[in-house]
Amino acid sequence: MQELPKIDLTTFILSVSSAAFMGLGMKPPGSDEGAQVDLELARHNIDLLELIHEKTRGNRTPEEDKLLEQLLFETRMRYVEVQKGR
């Protein structure tokens, strides 16, 4: 059995953002399944990213700041695009 990577803030942020992108219809790499949009799931995970952003303010490294800001921007923009397309 393969050992899972250590959980740190970066790994957690990437996990939550991946769930948001999947809810926005992006399929996981290597997946043969069709992409499914679930805006409620996407919104929930974007809200979770926002909560992480708020509650960890002042306790993140510059790299974690940049990653979180970038993923919040990308998931929000994609959410608006998908929502308009419906």
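Colleague: Which helix holds threonine 75?

Modeller: Threonine 75 lies in helix α3. A helix here is a DSSP run of H or I with at least four residues, and helices are numbered from the N terminus. Helix α3 covers residues 62–84. This is a predicted model, where local features need pLDDT of at least 70, side-chain atom pairs count only at pLDDT 80 or more, and totals for chains, interfaces and linings use all residues. Residues are numbered from 1 along each chain as its sequence is written, and side-chain values use heavy atoms, with hydrogens and water left out.

Colleague: Why is threonine 75 called buried?

Modeller: Buried means under 20% relative accessible area, exposed means over 50%, and partly exposed lies in between (1.4 Å probe, protein chains only). Threonine 75 has 0%, so the residue is buried.

Colleague: What does threonine 75 touch?

Modeller: Ser17, Ala20, Phe21, Leu24, Ile46 and Leu49, leaving aside residues up to four places away in sequence. Contact means heavy atoms within 4.5 Å.

Colleague: What makes the approach of threonine 75 to leucine 71 a polar contact?

Modeller: A polar atom of the threonine 75 side chain lies 2.8 Å from the backbone oxygen of leucine 71. A polar contact needs a pair of N or O atoms within 3.5 Å; within protein, one must be able to donate a hydrogen and the other to accept it, and residues adjacent in sequence count only if both atoms are side-chain atoms.

Colleague: How many salt bridges does the structure hold?

Modeller: Four. The rule is a side-chain nitrogen of Lys or Arg within 4 Å of a carboxyl oxygen of Asp or Glu.

Colleague: What makes arginine 43 and glutamate 50 a salt bridge?

Modeller: Their closest N and O atoms are 3.4 Å apart. That is within 4 Å, so the pair counts. Arginine 76 also bridges to glutamate 50, with closest N and O atoms 3.0 Å apart. That pair links distant parts of the chain: arginine 76 is in helix α3 and glutamate 50 is in helix α2 (residues 39–55), 26 residues apart.

Colleague: Why is glutamate 50 called partly exposed?

Modeller: Its relative accessibility is 26%, so glutamate 50 falls in the middle class. Arginine 76, at 34%, is partly exposed as well.

Colleague: Is arginine 60 buried or exposed?

Modeller: Buried, because its relative accessibility is 13%. Arginine 60 forms a salt bridge with aspartate 65, the closest N and O atoms being 2.5 Å apart. Elsewhere, salt bridges that share partners join Arg43, Asp47, Glu50 and Arg76 into one network.

Colleague: What is the nearest side chain of opposite charge to glutamate 64?

Modeller: Arginine 60, 6.1 Å away. Lys and Arg count as positive, Asp and Glu as negative; His and the chain ends are not counted. At 6.1 Å the distance is not within 4 Å, so this is no salt bridge. A polar atom of its side chain does lie 2.8 Å from the backbone nitrogen of threonine 61. Glutamate 64 also touches Leu9, Thr10 and Asn59, not counting residues up to four places away in sequence.

Colleague: How many helices and strands does the protein chain have?

Modeller: Three helices and zero strands. Of the 86 residues, 30% count as buried.

Definitions and conventions: Helix = DSSP H or I, 4+ residues; strand = E, 2+ residues; numbered from the N terminus.
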